[in-house]
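Welcome! Here is a short tour for anyone meeting this structure for the first time. Take a look at the model below, and then we will walk through it together.

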Amino acid sequence: MEIIYLDNNATTALAPEALEAMLPYLRDHYGNAGSAHVLGHLSEGAVVQARDQVAAMLGCSAPEILFNSGGTEGINHAFRGVFEGFPNKRHFIISAVEHPAVLAVCDWLKVHGAEITTLGVDGDGRLDLAELERALRPDTALVSLMAANNESGVIFPLDDAARIVKGKGALLHVDATQSMGKTSLDLSKLPIDLLNLSAHKFHGPKGMGALFIRRGLRLKPFMLGGHQERGRRGGTENVPGIVGLGKACELAMAHLPQADAVGKLRDGLETEVRARIPDVVINGAAAPRLPNTSSLSFAGIEGEALLLKFNARGVCVSTGSACTTGQKEPSHVLRAMGVAKEYALGTIRVSLSRTTTEHEIKQVSAMLPEIVEELRRKFRAVVS
Ligand code: PLP
């Protein structure tokens, strides 16, 4: 069966070029990057090059990049590092639609004496900047906002948010896990203090990521151990992973102009679905969104059933976010957007990548209305 993969916000395929770049470091160049011999130097050189590649993508300097295991670790490091480093500031601000990693760290912070303010979003997932301004206090340590939402694809206005947050003297952390490779972001222009990214969301290897820590901000190490990452994260470097991340960044920059083409495919799918199923709700449709993401809600069916039907036809999509699959409650993101429960439970997320083809989208556009109609027919038969 041909597989049509439209779950790229959960993870992406490793780019062949990234795999090629990694292979020598899995096979032959296995030296420890900290070792003072030829194999060690080869690994160390590869780490230096990769750090430059990540910094070039972000518009920052190489020493501001710390390699880690991905988005969840970067989020933990940012929050816990600030919490430990600024004991006189105990107030944190997040939005209601942040990733579960942010919500879980905030629960931990609360237990340890922090106060959390959660900003709401409107029906299209947009942030209220006036609410952000009102929420900031002299004891606000950190504001944490995602660059783009993993379920709806809605993009937050980081320029405006940064201006407001920096104007009030707080630190700004951005979870850029979903936006990397899909939209551009330039840290030489945006006064963000901390930013995390994850390689596997943009065709790099899994279990690999980076945290940007702006020069001058001293964060406590997340992992105590050796001298690696200038003492900020102990543990032998994952050299093949680091090389793969560096290559993925280089590729992401080169492919960024293709984002429009991805957006056209996504828009084509939505136009077709709207024409065939007029009562579909496209979550966040009126807000600026990532070009690859479509969150579609249908009343009278379960998203899980839709996913299974798609799966039987070789199409991989997701209900809400991958992390909430299996839960029967609407996702916290859709709840925050005020999506009616009947629609929220009938939601699927379709997420494209630069490898998605027009042919694949045509097939899915034809299948979706058929499946929705079939499920609605069954539902009506059960109810009547
Ligand atoms: N933040 C966002 C917005 C995400 O979508 C994800 C993963 O889905 C994460 C953080 C966690 O990233 P990782 O899988 O690298 O831990």
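Let us begin with the largest pocket, which holds about 350 Å³ of space. This is a predicted model, so please read every value here as computed from it. The pocket is lined by 20 residues, and those closest to its centre are T183, S184, L185, D186 and L190. Two elements give two or more residues to this lining: helix 6 (158-167) and helix 7 (239-255). Helix 6 supplies the largest share, three residues. By residue type, the lining of the largest pocket has 13 nonpolar, four polar and three charged members.

Now turn to the ligand. Which residues are closest to it? Of the 13 residues that surround the ligand, the closest are G71, T72, D175, S198 and K201. Helix 3 (residues 71-85) gives the most to this shell, with three residues. The shell around the ligand divides into two nonpolar, nine polar and two charged residues.

| Residue (side-chain atom) | Ligand atom | Distance |
|---|---|---|
| T72 (N or O atom) | oxygen | 2.6 Å |
| D175 (polar atom) | nitrogen | 2.7 Å |
| Q178 (polar atom) | oxygen | 2.8 Å |

Taken alone, the ligand exposes 390 Å², and the protein buries 87% of that.

K189 sits in the loop between strand 6 (171-175) and strand 7 (194-198). Is K189 buried or exposed? K189 counts as exposed because its relative accessibility is 68%, over the 50% cut-off. The C-alpha atom of K189 is 12 Å from that of D160, and the two residues are 29 apart along the chain.

Most residues other than glycine have a negative phi. H203, which is not a glycine, has a positive phi of about 70 degrees. Its place is in the loop between strand 7 and strand 8 (209-213). H203 counts as buried because its relative accessible area is 6%, under the 20% cut-off.

R230 is also a residue other than glycine with a positive phi, near 50 degrees. You will find R230 in the loop between strand 8 and helix 7. At 60% relative accessibility, R230 is over the 50% cut-off and therefore counts as exposed.

How values were computed: Residues are numbered from 1 along each chain as its sequence is written. This is a predicted model: local features need pLDDT of at least 70, side-chain atom pairs count only at pLDDT 80 or more; totals for chains, interfaces and linings use all residues. Side-chain values use heavy atoms; hydrogens and water are left out. A residue is near a molecule or strand if one of its heavy atoms lies within 4 Å of it. A polar contact is a pair of N or O atoms within 3.5 Å; within protein, one must be able to donate a hydrogen and the other to accept it, and residues adjacent in sequence count only if both atoms are side-chain atoms. Accessible areas come from the Shrake-Rupley method with a 1.4 Å probe; for residues, only the protein chains shown count as cover. Helices (H or I, at least four residues) and strands (E, at least two) are DSSP runs, numbered from the N terminus. Ala, Val, Leu, Ile, Met, Phe, Trp, Tyr, Cys and Pro count as nonpolar, Asp, Glu, Lys and Arg as charged, and the others, Gly among them, as polar. On a 1 Å grid over the protein atoms alone, a cavity is a set of points where a 1.4 Å probe fits but cannot get out, and a pocket is an open set with protein on both sides within 12 Å along at least five of seven lines; lining residues have an atom within 4 Å of a point. Grid points are joined across faces, edges and corners, and a volume is the space filled by probe spheres set on the points. Buried means under 20% relative accessible area, exposed over 50%, partly exposed in between (1.4 Å probe, protein chains only).
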